[in-house]
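Subject: Structure handover

Hello,

Here is the structure I promised to pass on. Please open it first, then read my notes below.

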Amino acid sequence: MSSILPVAFDGIAYASWLFLISAGLTLIYGVMRILNVAHGSLYALGAYAACSLAGAWLGGGLPAAGSFAMLLLAAVLVGSLVGPLIERGLLQWMYGKDEVVLVLITYAVFLIMEDVIKLVWGVDSLLLPEPYALPGNFQLGGLPYPVYNVLLIALALATGLILAWALYRTRQGKLLLAVIHDREMSMAMGINVSRVYLATFAVGATLAALGGAFTAPTIAVTPGIGVEVIVLAFAVVVIGGLGSLGGAALGALLVGLVRSATVRYWPEAELFSIYAVMAMVLIARPKGLFAAQEARKI
Amino acid sequence: MKAAIVAIASLVALTGLALLSPQWLVFMAMLALAKGVVVLGLLVLMRTGLVSFGQGLYFGIGAYAAALLSHHLHVADAAVMLLTGAAAAGLVAALLGLLLAGYRDIFFAMLSLAFSMILYGVLVKSAALGSTDGFNLHARTFFGVALAPGMERRVFLIAGAVCAVVVALLVHRLLGGHWGRLATGVRDNELRVAYLGASPYRVVYVNYLIAGALAGLGGALAALAVGHVDPEMTYWTTSGEFVFIAILGGIQSILAPFMAATIFEALRTIASQYAPNVWQMSLGLAMLAIIMFLPAGLWTLAERRRRSA
């Protein structure tokens with residue numbers, strides 16, 4: 001029992017982190033049918049922006065608790081500036097292309113942004129340990145455990161609930177669902193689909209950057225952090241079913257728990273286990289756990 | 001007839017290159033050839049309308065199979081290594097293909113990605129195979145003939161050239177005939193192909209098998225060129241590179257993958273020398289430009305020139 005509790009807790013903390021990133025990815029895919037590889041670099045951008053902003057805040061001698069606000073601000077800034085830049089500047093000319101071609105286009109954006117990040121922030125790793133150390137530790141099963149991870153779980157829960165509420169309970173959300181269901185019909189009914197796309201991409205980008213910003217205090221922020229994240233997020237989203245928010249939550253939980261269990265009991269199989277789960281889910285349910293059925297067109 | 005002339009000309013040119021050029025150029029040519037062979041396999045797959053983001057799996061299997069031969073079984077013959085690399089990859093492709101041939105579009109891409117990442121996860125954690133560092137391999141003979149030190153790579157390049165020309169001719173024949181038409185049919189409208197009595201599943205399966213075996217051959221070639229294997233060969237960025245080269249060249253011609261791989265390696269050599277920090281950016285920009293202005297790849301330029309001439 002004493003060992004299961006920390007393992008489960010670790011898994012849930014990891015799942016929260018995964019969910020923050022995957023929610024944006026699945027949202028963008030659901031609405032725009034783009035499997036956005038650049039999501040990884042938006043994540044990295046969020047982490048770098050968080051380091052700069054929170055670093056400047058702390059360097060200015062301002063109260064340390066405010067650095068959390070800076071993390072949030074970094075995510076919102078990246079989401080609302082870089083997100084629309086990519087969507088308006090490039091993606092809006094590409095709609096209607098084949099899904100695989102769209103993957104390649106966002107892959108190109110990913111490659112470009114990787115180097116842009118290196119040019120802006122340099123290749124040395126950045127550290128931002130203060131927000132992680134600030135809330136201290138608590139005891140769990142006889143082990144000290146960072147309170148920061150509890151904050152992360154709360155953040156993921158809040159994000160998930162807000163997204164679900166916005167999607168299913170507000171007018172804007174229902175318009176979005178209409179666009180997902182039938183893009184052409186929504187246009188005919190007077191929905192400004194182009195604006196819906198823009199908003200979706202901005203929100204998705206913000207979520208990616210949020211994941212990055214709140215990871216920054218726990219890792220050394222170096223070039224290439226987005227490379228690993230994007231395939232993990234793919235795995236989560238594909239397990240849950242592309243385009244499904246609930247699927248992303250379940251996929252994140254599944255991957256998080258499997259990973260923390262293997263890390264604890266069979267550490268050699270860490271990466272292997274995640275993708276093995278993905279392969280098994282795809283074998284059993286080719287379109288993921290919660291994918292919508294589609295009509296076959298001849 | 002035309003194909004034979006091109007084949008002989010490229011063989012002569014590559015042999016000349018192998019014997020006369022400096023070591024660094026031989027090395028570059030070998031890598032370009034290895035990647036060209038992998039992308040040729042991807043081309044076969046793309047003719048059926050499928051893009052695999054997991055060719056790194058077979059690239060890695062081919063390379064590791066060759067390296068394991070040298071390292072654990074003390075087989076030092078390059079020809080045996082090349083054949084084993086292709087065979088091992090083909091075998092795994094034959095198994096996974098049974099499953100993957102039932103998937104299409106983005107799900108095919110994602111599932112193949114998952115399999116390559118599984119191998120990556122295994123390799124990174126297996127201390128016996130050198131974990132993230134990988135290990136070295138040495139090939140000292142070719143078809144039993146001992147190689148003089150310093151000559152190894154030159155001989156391998158010729159061997160690689162022969163392999164590449166042979167597989168390119170085979171693929172050219174295959175795609176030029178009945179099978180090639182069937183593949184395009186599957187890409188354009190799978191259900192109708194099925195109505196006409198052919199099996200799309202079989203077409204996809206066989207083409208996947210070919211793509212896997214070719215990627216294995218390419219992996220073994222790359223391992224011989226570098227003299228070292230590491231898990232990076234199976235990582236998704238390697239697979240992404242192959243897709244990039246395939247898009248760069250286009251899929252109309254058998255020569256396009258080799259041309260694109262050569263351009264890619266040349267650019268990379270130059271960029272790593274002079275501008276290592278903007279290399280990825282230039283790749284990305286080139287990719288966007290190709291997708292926007294030359295959706296069928298650089299090969300369209302060659303075609304256009306021929307038509308106007």
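Two residues count as in contact if their C-beta atoms, placed from the backbone, lie within 7 Å. Keep in mind that this is a predicted model.

**Where the chains meet**

Chain A brings 34 residues to the contact, and chain B brings 35 residues. Which of them gives the most? That is α4(A), with 16 residues. The side of chain A that touches chain B has 28 nonpolar residues and 6 charged ones.

**A helix pair in chain B**

Two packed helices are described by the angle between their axes and the distance between the axes. In chain B, helix α4 (residues 78-100) packs with helix α9 (residues 200-226). The angle is about 150 degrees, and the axes are 7 Å apart. The crossing of α4(B) and α9(B) is right-handed. Their contact has 19 nonpolar and 6 polar residues, with no charged residues.

**Helix α10 of chain B**

This helix covers residues 236-249 of chain B, 14 residues in all. From first C-alpha to last, α10(B) reaches 20 Å. That is close to the 20 Å expected at 1.5 Å a residue. Is α10(B) mostly covered or mostly open? Mostly covered: 13 of its 14 residues are buried. B:Gly250 follows α10(B), and the phi of B:Gly250 is positive, near 95 degrees.

Over to you.

Best wishes

Conventions
Residues numbered from 1 in each chain as written. Chains lettered and ligands numbered in written order. Predicted model: local features only at pLDDT ≥ 70, side-chain atom pairs only at ≥ 80, totals over all residues. Helix = DSSP H or I, 4+ residues; strand = E, 2+ residues; numbered from the N terminus. Nonpolar A, V, L, I, M, F, W, Y, C, P; charged D, E, K, R; others polar. Expected span 1.5 Å × (residues − 1). Buried ≥ 20, exposed ≤ 12 C-beta atoms within 10 Å, placed from the backbone. Axes fitted to C-alpha atoms, helices over the stretch in contact; angles between N-to-C directions. Left-handed = near helix turned anticlockwise from the far one by under 90°.
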